[in-house]
Amino acid sequence: MKALFRIIILVMVISFLAACAQPTAAPVTNEAPAAVPNEVTLTANEQWAKDNGLGPYQPATDDWAAIEAAAKLEGSICVYANSSKIAKLQEPWEALYPDIKWDCGDTDGIDVKMRAEQEAGNVVGDVWFNSDGHILVGEFLPNQWVWAFVPRDVPMPEATAEVPFAVARHSIDVWGYNSEIHPDGCPITNWWNMTEPEWSGKIYIEDPMTDVSTMAKWATVAEHGDEMAAAYKELYGREWTEDPEAAPDAFGQEVINAGWLWVKKMAQNHPTVVDEIDVAYAAVGMDPTIEPGIGWTGWNSVEDTAAGDIVMAPCLEMSPALGIAKTSFLAVANMAPHPNAAKLFIKLALSPEGYAPWAAMGSYPGTPSIPLEEGAMPYEEMLSKSWLMNPVYDWEWAAKVRDFWAISLLTPKAEED
């Protein structure tokens with residue numbers, strides 16, 4: 001009997017221990033199980049850039065032998081440039097890369113063309129070579145329509161996280177005049193002179209409503225309101241806020257600062273709009289059908305004067321600024337059919353030989369090691385006397401300035417007290 005009792009006790013202990021060893025059932029829940037962390041998923045554009053070593057995926061060292069070999073397999077290069085001088089790079093390109101065909105070149109409406117290609121998924125142009133930095137930074141970069149490429153062996157101090165692109169050059173736009181009619185020098189000394197009645201219709205510019213580059217320059221003027229205020233007081237002996245046009249107009253437009261006031265008064269003075277900047281050259285030169293006046297033009301157009309094509313000289317003593325310095329950027333189109341050839345072109349463009357077609361007074365290479373033209377104003381001095389366009393600011397404000405300009409064209413001048 002005692003033996004039976006011991007057996008029963010032993011069975012009960014074993015059963016108890018077995019029950020304790022079973023896992024506890026998980027509670028019933030509607031929550032999804034925790035996701036296992038994965039690698040960051042790249043967009044199709046990012047994957048393409050990574051596969052081709054562009055933008056943030058550029059290797060620490062450029063393997064130029066491999067790049068050139070791949071470019072030869074691609075077979076050609078298409079550069080969209082806003083300068084006819086791009087044709088002067090065809091010969092050095094073909095000397096360096098005879099197996100890579102040179103296609104494309106000087107073209108208008110680069111932003112329109114490349115935008116359409118990206119949206120259609122039919123990319124033709126490989127390289128953006130243009131000065132509309134506000135569109136490049138404000139629209140194309142966020143949409144991953146272009147990628148930066150700066151050769152690792154080329155110093156490029158201006159390339160930043162915000163504006164990561166290679167800089168080919170800076171060039172200054174200035175006010176130019178007919179030096180035969182005015183042999184003693186420029187007839188104006190202050191930006192505000194051009195808003196006065198005597199210059200109505202005699203200021204020649206490209207249409208800010210259709211030329212995005214010109215409108216971005218006017219945004220640059222608006223950005224420098226303090227300097228424009230000082231120039232106003234220097235000329236008129238009063239604060240810009242005392243100008244009758246400083247008050248809100250009939251459309252309710254506020255004049256934010258003296259730079260905006262200049263934009264308004266310039267529009268009200270009815271400058272003559274031209275389709276091509278060459279016409280502006282003629283306006284200040286030798287075209288007998290156009291009354292000479294003041295033209296907004298590139299400083300390097302003095303080359304044309306030296307060649308005897310026009311009679312133009314830059315207004316070098318302008319207050320508050322000599323001119324506006326624009327930047328020509330280089331970028332590789334997203335999904336470019338010839339990305340390695342594009343890298344080779346950027347390398348060429350940043351070399352002394354690649355810069356040579358644009359080497360002139362008022363032009364400055366983006367690569368600091370390239371020497372300036374003999375007698376050229378040092379770069380630092382140029383910057384101290386000119387306004388360098390800020391593509392981030394210009395993207396934010398250019399459209400607003402355009403609308404302000406358009407309404408100002410319709411606004412009659414206020415009466416002086």
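Modeller: Buried means under 20% relative accessible area, exposed means over 50%, and partly exposed lies in between (1.4 Å probe, protein chains only). This is a predicted model, in which local features need pLDDT of at least 70 and side-chain atom pairs count only at pLDDT 80 or more, while totals for chains, interfaces and linings use all residues. Residues are numbered from 1 along each chain as its sequence is written, and side-chain values use heavy atoms, with hydrogens and water left out.

Biologist: Which residues of helix α6 are buried?

Modeller: Helices (H or I, at least four residues) and strands (E, at least two) are DSSP runs, numbered from the N terminus. In α6, which spans residues 133–140, the buried residues are Gly133, His134, Ile135, Leu136, Val137, Gly138, Glu139 and Phe140. That is 8 of its 8 residues, and the helix is described as mostly covered.

Biologist: What covers the buried residues of α6?

Modeller: With contact taken as heavy atoms within 4.5 Å, the cover includes the helices α5 (110–120), α7 (212–223) and α15 (391–410), together with the strands β3, β4 (146–147) and β10 (324–333).

Biologist: Which strands does β1 pair with, and over how many bridges?

Modeller: Two strands pair if DSSP finds at least two bridges between them. β1 and β2 (residues 101–106) have 6 bridges and pair in the parallel sense, with Ala81 standing opposite Asp106 in β2. β1 also pairs in the parallel sense with β3 (residues 127–130), over 3 bridges, and there Val79 has Val127 as its bridge partner.

Biologist: Why is the link between Cys78 and Cys104 called a disulfide, and which hand does it have?

Modeller: A disulfide is a pair of cysteine sulfur atoms within 2.5 Å, and for Cys78 and Cys104 the S to S distance is 1.9 Å, so the pair meets that definition. The torsion about their S-S bond is about -95 degrees, so this disulfide is left-handed. The pair links distant parts of the chain, Cys78 in strand β1 and Cys104 in strand β2, which are 26 residues apart.

Biologist: How do you know whether Cys78 and Cys104 are buried or partly exposed?

Modeller: Cys78 has a relative accessible area of 3%, and therefore counts as buried, whereas Cys104 has 38% and therefore counts as partly exposed.

Biologist: How many disulfides does the structure hold, and what is the hand of the link between Cys186 and Cys315?

Modeller: The structure holds 2 disulfides. Cys186 is joined to Cys315 with an S to S distance of 2.0 Å, and with 70 degrees about the S-S bond the link is right-handed. These cysteines are 129 residues apart, Cys186 in the loop between β5 (166–178) and β6 (203–206), and Cys315 in the loop between β9 (312–314) and β10. Cys315 has a relative accessible area of 1%, so this residue is buried.

Biologist: Why is Met361 called partly exposed?

Modeller: Its relative accessibility is 30%, and for that reason Met361 counts as partly exposed. Met361 is found in the loop between α13 (352–355) and β11 (363–365), and its C-alpha atom is separated by 5.9 Å from that of Ala376, 15 residues apart along the chain.
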